[in-house]
Amino acid sequence: MSLLRRFAFAIRAKLNALLNRTSDPTAELDYSYEQMRDELQDVTRGIADVTTQKKRLEIHRTRLRSNVEKHDTQARAALQEGRDDLARRALEKKQVNVSQITELTGQIDDLQETQDRLVGKRAELSSQIEQFRTKKETMKARYQAAEASARVSEAFTGAGDTMADVHRSIERATERTEQMEARAAALEELEASGQLESVLDEGDSIDQELDRLSGERAVENELATLRAEMDNGKAVEEATE
């Protein structure tokens, strides 16, 4: 992944984190926790860098100490050979190395102090992160519990409205059922007392009477028609005579 792509990815991650924080309060806790972890990683990298520099100087100091011993041995050997000039040159190199060792030791001590300070800061920061993580998880659990409780309350409110509609439907169904039961009971009572049959019989007698009257009316009409025809026939005969 190129540097530009990594930078774009980091920007998108930050924007997503900011958007999440606005929609979910627990996301802000997670974001703060990640920031603290990033800072801890920076401190750890700083400790590693300081330790690396200190080790490099310690290796160089060890090499210089070896040179000091070597130059000291050379000076002694030169004196045994009666070569004061060579002994002097060896001792001069020895002194240069001793000065370098002294300077390096000061730098190593400074780096050690810096390393100790960073290690202490990392321990303190690590403890703070652990405490924050515990509080964060507790707050997230409380928030999620409150959120779940709110959802239950909202669901219960909606269920209350639904149950009210259900109760009204049950009342209407009960009322219609009671009306139907009352009607059935009334019909059974009429049938048991014989009144239902008399009512039906009365209806049949009326129909029979109406049918009889209709039949008589038809007979009278037909009789009138025959009389008219006969009267017309007589009138024609008299006219021809």
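Arg-83 is partly exposed, at 37% relative accessible area (buried means under 20%, exposed over 50%, and partly exposed in between, with a 1.4 Å probe and protein chains only). Its side chain meets that of Asp-85 in a salt bridge, 3.0 Å from N to O (a side-chain nitrogen of Lys or Arg within 4 Å of a carboxyl oxygen of Asp or Glu). Keep in mind that this is a predicted model, where local features need pLDDT of at least 70, side-chain atom pairs count only at pLDDT 80 or more, and totals for chains, interfaces and linings use all residues. Residues are numbered from 1 along each chain as its sequence is written, and side-chain values use heavy atoms, leaving out hydrogens and water.

**The overall build**
- The chain has 4 helices and 0 strands (DSSP runs numbered from the N terminus: H or I of at least four residues for helices, E of at least two for strands).
- Buried residues make up 13% of the 241 residues.

**Salt bridges**
- The structure holds 9 of them.
- Arg-45 pairs with Asp-42, with the closest N and O atoms 2.2 Å apart; both sit in helix H2 (residues 25-80), 3 residues apart.
- Lys-94 and Asp-72 meet at 2.9 Å, N to O, and this pair links distant parts of the chain, with Lys-94 in helix H3 and Asp-72 in helix H2.

**Around Lys-140**
- Lys-140 lies in helix H3 (residues 84-193) and counts as buried because its relative accessibility is 17%.
- Leaving aside residues up to four places away in sequence, Lys-140 touches Thr-26, Leu-29 and Asp-30 (contact means heavy atoms within 4.5 Å).
- A network of salt bridges links Lys-140 with Asp-30, Lys-136 and Glu-137.
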